[in-house]
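Me: I'm new to this one, could you walk me through how its parts are arranged?
Reply: Gladly, here it is.

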Amino acid sequence: MELLGASWVVPVAGPPLREGRVAVEGGRIAWVGGDAEPGRPRAAVRHLGDGVLLPGLVNAHCHLELSYLRSIREDGRRGFVAWVDALVERRAQASPAEVRSATKAAIDELKATGTVAVGDVSNALAHLDLLEASGLEAVVFYELLAWDPARAAAVLDDARRRLAETSRPGLRTTVRLAAHAPHSVSPPLLRALAEEGGPAAIHLAESESESRFLAEGDGEWSAFLARRGLGHVAFAPPRTTPVRYLDALGVLHPGLVAAHCVRADGPDRALLARRGVFVAVCPRSNRSLGVGMSPVPDLLAAGVAVCLGTDSLASAESLDLLQDAAALQRQFPALDPAVIVRMATVNGARALKRDDLGTIEPGMRAALAFAPMPAPLDDPLAFLVSGRARARTVEP
């Protein structure tokens, strides 16, 4: 048994502990409490210093295989569809070696900034070995894109085959079928995924162009599809919101991880809560792409389970999840910092179905992070969302 000590421990499962201690045994939390608390185990203390010991961060929405696309982030200033155009064009030019090298560096960045688990969206599944070797807990959402209904059955059959190839006993990394978005996946494919209990994740209500396309057949997105050779696909706009459109197709289900939900109105938010959907918000990415900001206080008030993600390096400056926590606090200063810290830890863990992560309490895994404090502070939660905190994972 080892006792980890810090000037503050933020268990998330309870209030912060000044001069807290955490007992670790066999990779699990055995005890947590104050330094002078009765029942404190007699064990050597490894004091981490002045700072905050907290559960390791959980990045609920990321695209590691897009990490080589930092150069297109500025294209977001020209609008969401222009950014997607730049992504598709640049992606067609990338070499496997370039993609893999950047992906490895991104995985290292996650670990260096206190992240212990990631919900990673992938189209190629070419980096599963890197994730498996990293020590991160990873849920990879194998994202399907197929706007042409004629391809739905073939795409799903191929996806099932790929999924079977990647599923082997004993692997830490799990792969689940996902869909890209309501405006890039055909209704037949969405229905087929729903009939199988999925998709596990989807981008939802991210941009005005998506909402307009589903409401009235917006010309901007239609023109993009035509440029991609899909102009022949007939589509009658459902004339509703993206959230209500997916619900009509049976896609909203308990445990679905829906990224963004920037354009979710009151009825949408109530529907997401009723269906048990997790919403992964990505404040810095949304700002870069100019799509607005997820209405986080309203989502929480509606009872939606909200978690936090960085999105990709194609739309965010870094994969440091605490910087997204700080961006959210700046946007909504009335939000309780404790709520934001929960979004970055236990809520993300539950969204990824990693229920033994995200809090510091007996029986949970000892996957922890530490954020040094530049000076003694009385509010560790406010510090964690201040933009000044820099977390790192705690090595066993």
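Me: Which hand does the crossing of helix 1 and helix 7 have?
Reply: The crossing of helix 1 and helix 7 is right-handed, where right-handed means the near helix is turned clockwise from the far one by less than a right angle. This is a predicted model, in which local features need pLDDT of at least 70, side-chain atom pairs count only at pLDDT 80 or more, and totals for chains, interfaces and linings use all residues. Residues are numbered from 1 along each chain as its sequence is written, and side-chain values use heavy atoms, leaving out hydrogens and water.

Me: And at what angle do helix 1 and helix 7 pack?
Reply: Helix 1 (residues 80-91) packs against helix 7 (residues 219-227) at about 15°, with the axes 10 Å apart; axes are lines fitted to C-alpha atoms over the stretch in contact, and angles run from 0 to 180 degrees between N-to-C directions. That makes helix 1 roughly parallel to helix 7, a label for angles under 35 degrees.

Me: Which residues meet there?
Reply: Val81, Val84, Asp85 and Val88 in helix 1 meet Glu220, Trp221, Phe224 and Arg227 in helix 7, with contact meaning heavy atoms within 4.5 Å.

Me: Switching to the sheet, what order do the strands have?
Reply: The order is 6-7-8-9 in an open sheet of 4 strands with parallel pairing; helices (H or I, at least four residues) and strands (E, at least two) are DSSP runs numbered from the N terminus, and two strands pair if DSSP finds at least two bridges between them.

Me: How many bridges join strand 8 to strand 9?
Reply: There are 6 bridges between strand 8 (residues 137-144) and strand 9, and Phe141 stands opposite Arg176 in strand 9.

Methods:
Parallel < 35°, antiparallel > 145°, perpendicular 65-115°, else oblique.
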